[in-house]
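Have the sequence and the 3D view ready.

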Amino acid sequence: MKTQHSVRTHIPVLVDEVLEYLKVMPDSTYIDATFGAGGHTRAILEQEPTCNVVALDWDKKALETYGELLKQEFGNRLSLVWGNFAHLYKVIRDYKEVAIAGILADFGTSQDQIFRTAGLSVYRDTPLDMRMSPAHQKVTAAEIIAHFTERELRDLFWEYGQERYTKQIVSAIIRMRSIQTLRTTKQLAQLIERVVPVTQSNIHPATRVFQALRIYVNKELDNITSFLKEAVRILMPEGRLVCISFHSLEDRLVKQFFKEQADVLHVKQLTLKGITASKQEVFHNASARSARLRAVQKL
Ligand SMILES: C[S@@+](CC[C@H](N)C(=O)[O-])C[C@H]1O[C@@H](n2cnc3c(N)ncnc32)[C@H](O)[C@@H]1O
């Protein structure tokens, strides 16, 4: 099993491929829609000494911690913007006059965010919250567990987690919540450990349920759908959009959207099959295992 107990600095995935598909040019401006710990932003700024990056994240802490550090190094070439990428056009209103040569989105959560955000890690006992940005979301995972009907919980764990033991897990939750309120990650993780058969899998048995709750709480799929439309609209002609997904639900949205846009000649697809990490990268960074990159160029 992966060691999950210490803070891990986020290692950016597919960096060479991001640079290749963004095709970073001199004197151009790029948007990093998911700044995180700034690994990709740094790589873009280092690649071309006269380019600029507008870096966005809805996690204030990430911008304060890593953004301010990078600003000391890159000064005015880096602008930091706090907001939800679902509303990209509105969020970057100060840059409306700027031609945007490329947009990157590296969906999901960063390693240190998983560590410091209540509810995200199945290995740490924290309140069952899961909101990446409490300013942008109101409902916590604990509220979903407490108030969703049996049917709603089943649909959620199946659709967003593809959890095989959904029926057993939901029955156990319904029984448990009639006796006590589930408030912490440990309570939920232990309940799932009791009903899911032990397997040789190296993921924790509660991982899929945690994933489903996180996606729902943060409206991750709705945000991606809206982001993709706004990103294509914002790009200058010949500008490039590069997206990295970490599970099939995200990747399916990106793949379908790129295909639809290519069919109506709004974009040209640069990666028909999606690019995955090399064995060597996965060896050094296990998180790269499920990453899939897709890119298009606006026509
Ligand atoms: C995988 S991390 C990005 C890591 C980054 N590429 C790096 O090199 O460090 C994903 C980031 O996207 C942010 N994020 C997720 N959904 C978002 C949204 N709807 N709007 C803005 N930021 C979002 C998360 O807060 C997180 O910091």
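**Rings that meet**

Phe85, Phe107 and Phe227 form one aromatic cluster. This is a predicted model, where local features need pLDDT of at least 70, side-chain atom pairs count only at pLDDT 80 or more, and totals for chains, interfaces and linings use all residues. Residues are numbered from 1 along each chain as its sequence is written, and side-chain values use heavy atoms, with hydrogens and water left out.

**Aromatic pairs**

- You'll find 5 aromatic pairs here; rings of Phe, Tyr and Trp (its six-membered ring) pair if their centres lie within 6.5 Å, and planes under 30 degrees apart count as stacked, over 60 as edge-to-face and the rest as tilted.
- One of them is Phe85 with Phe107, an edge-to-face pair at 5.7 Å centre to centre, with 65° between the planes.
- Both Phe85 and Phe107 are buried (under 20% relative accessible area; exposed is over 50%, partly exposed in between, with a 1.4 Å probe and protein chains only).
- Phe148 and Tyr216 also pair up edge-to-face, with 5.3 Å centre to centre and 80° between the planes.

- Phe148 counts as buried because its relative accessibility is 15%.
- Tyr216 has a relative accessible area of 36%, so Tyr216 is partly exposed.

**Charges over rings**

- Lys60 has its charged end over the ring of Trp82, 4.1 Å from the ring's centre (the rule: NZ of Lys or CZ of Arg is within 6 Å of the ring centre and within 35 degrees of the ring normal).
- Over the face of Tyr89 lies Lys96, at 4.5 Å from the ring centre.
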